[in-house]
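Dear colleague,

I am passing on the structure below, and would be glad if you could look through it alongside the notes that follow.

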Amino acid sequence: MSATTTPSVPTPTAPGSLPLIGHAHRLVRDPLPFITSLRRHGSVVRIRIGPRPAYVVTDPALTRRVLVTDAAHFVKGGRIIDALRVFFGDGLATIADGDAHLRNRRLMQPMFNKSHIADRGHAMIGQVRTLVEAWPEDVPRDVCADMNATALAAFLVALFGTDLPGHLENEFTALMPEIMKGTIRQTLLPAWVTGLPLPANRAHAARVARLRILIDQAVDHRSDRVRPSTADGTGEPSAECPRAAAAPRTEGAEGTERAGLFAALLTAEPPLTRQQLQDEAITLLTGAIETTGTTLAWALYEISRNPAIERLLRDELTTVCGDRPLRHEDLDRLVHARRVLQEAIRKYGPAWMVTRTATRDIELGGHLVPEGADVVWSPYLHQHDPRVFPEPGVFDPDRWAPDRTPAVARGSFLAFGDGRRKCIGESFAWTELQIVLAIVLRAWPRFTVTSPAPRAQAVVTVEPDRLTMTFSSATSG
């Protein structure tokens, strides 16, 4: 009956709307309490972002309809996606639903299967260990910045391979945090403001243009090692056989690590255009940094204030690894680490508001959602539902133990989305999260929060407003 357009229940409007700006002041001032408060008003609640209405889905069963059952009627779109698409193009996360999305997803899916990820595990572990062990001892550090930089470094080596030139890696590392800040700004401001030739807008556009140049250079570097087979046997590209149309020359585990995941896109048939390669690389880079880094920062914070959890994690690492370094095959045995990370994701989002666009007038939970309307769903809202997750503000990794995880909880854990637009890199994200957490714990016997208790702030992800720590080789004192 999902096709009916004759609702029987009026759609409630959230209180507190102001003339012209609607509920924008709540979304800016206290977004997380506001978004979770909407559950009290119904399963579908109308809010206003400026003069434009949006429909917030607070029932996870209805969210599943939006993402899975009736996904054809709720396409990728809305204010956040539209803002991202302006600067990041038609990568997998922002491209409109349709044949192009399906083709690109099928092309990229093998990049993120477990065997491909495992092939890069050794290189990722080495890269993370090099960074983490180089931190100066007992010096307060910005944990979010560190975790974002570490996640980026690990993903760069997985994406472009182990032989990416140092100057490219350094510039990626310097540029991406500023691009993420600018992207966040673009999603929050009205479209007419982001279109003005203001200094901040021009600086952001220049950084994104520079990022595309860096990606071009990384692609050219990778392409030089992925030679096509040509009719004349020279191995040189031709108009009929472009550079990206061949299989990698490298073979074996070492060659696989050197090639990186991006080699799969360079060997696509038919070949991707340079614009498509840029768009997909930007999407992968931005998706791999912000959510992963934020989750790791919150996990370290919660571990630091829960000594029993910290002891359990360290004992688990000792049992699994002994005195030797971490290996990729160890990750599946770090069950407590996985629960800690899953609870960090549940408690802190990381995404708090995601949008879709209704393609027609459609009924949702007895309410009419008009064609063209923004439909909002919130992983944060669902993951803080006390009916599903008792005491949602309590950090409790054991809630993910098999005997304590009912099906309704799994259905309300939507940090990676669901349906045909579910995050393609979920398996990679879990691998990266576990590698970084394990190496930080192995490298530093003690870490201490040196800033006031952080407050959760909703930007694109749910971030700590400020979080600094010191890392020490001493176990006490």
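**Gly-91 and its surroundings**

Leaving aside the neighbours within four places in sequence, the residues in contact with Gly-91 are Asp-279, Glu-280 and Thr-283. Please keep in mind throughout that this is a predicted model. Gly-91 itself sits in the loop that runs between helix H4 (79–88) and helix H5 (99–108), and because its relative accessibility is 0%, under the 20% cut-off, Gly-91 counts as buried. Between Gly-91 and Asn-104, which are 13 residues apart in sequence, the distance in space is 8.6 Å, taken from C-alpha to C-alpha.

**The second largest pocket**

The second largest pocket has a volume of about 710 Å³, and of the 30 residues that line this pocket, those closest to its centre are Lys-114, Arg-338, Glu-426, Ser-427 and Trp-430. At least two lining residues come from each of helix H3 (60–69), helix H6 (114–133), helix H15 (335–348), helix H17 (407–412) and helix H18 (426–443), with H18 giving the most, namely five residues.

**Cysteines**

A search of the whole structure for disulfides finds zero. As for individual cysteines, Cys-144 has a relative accessibility of 16% and therefore counts as buried, whereas Cys-423, with a relative accessible area of 37%, is partly exposed.

With best regards

Terms used. Residues are numbered from 1 along each chain as its sequence is written. This is a predicted model: local features need pLDDT of at least 70, side-chain atom pairs count only at pLDDT 80 or more; totals for chains, interfaces and linings use all residues. Side-chain values use heavy atoms; hydrogens and water are left out. On a 1 Å grid over the protein atoms alone, a cavity is a set of points where a 1.4 Å probe fits but cannot get out, and a pocket is an open set with protein on both sides within 12 Å along at least five of seven lines; lining residues have an atom within 4 Å of a point. Grid points are joined across faces, edges and corners, and a volume is the space filled by probe spheres set on the points. Helices (H or I, at least four residues) and strands (E, at least two) are DSSP runs, numbered from the N terminus. A disulfide is a pair of cysteine sulfur atoms within 2.5 Å. Buried means under 20% relative accessible area, exposed over 50%, partly exposed in between (1.4 Å probe, protein chains only). Contact means heavy atoms within 4.5 Å.
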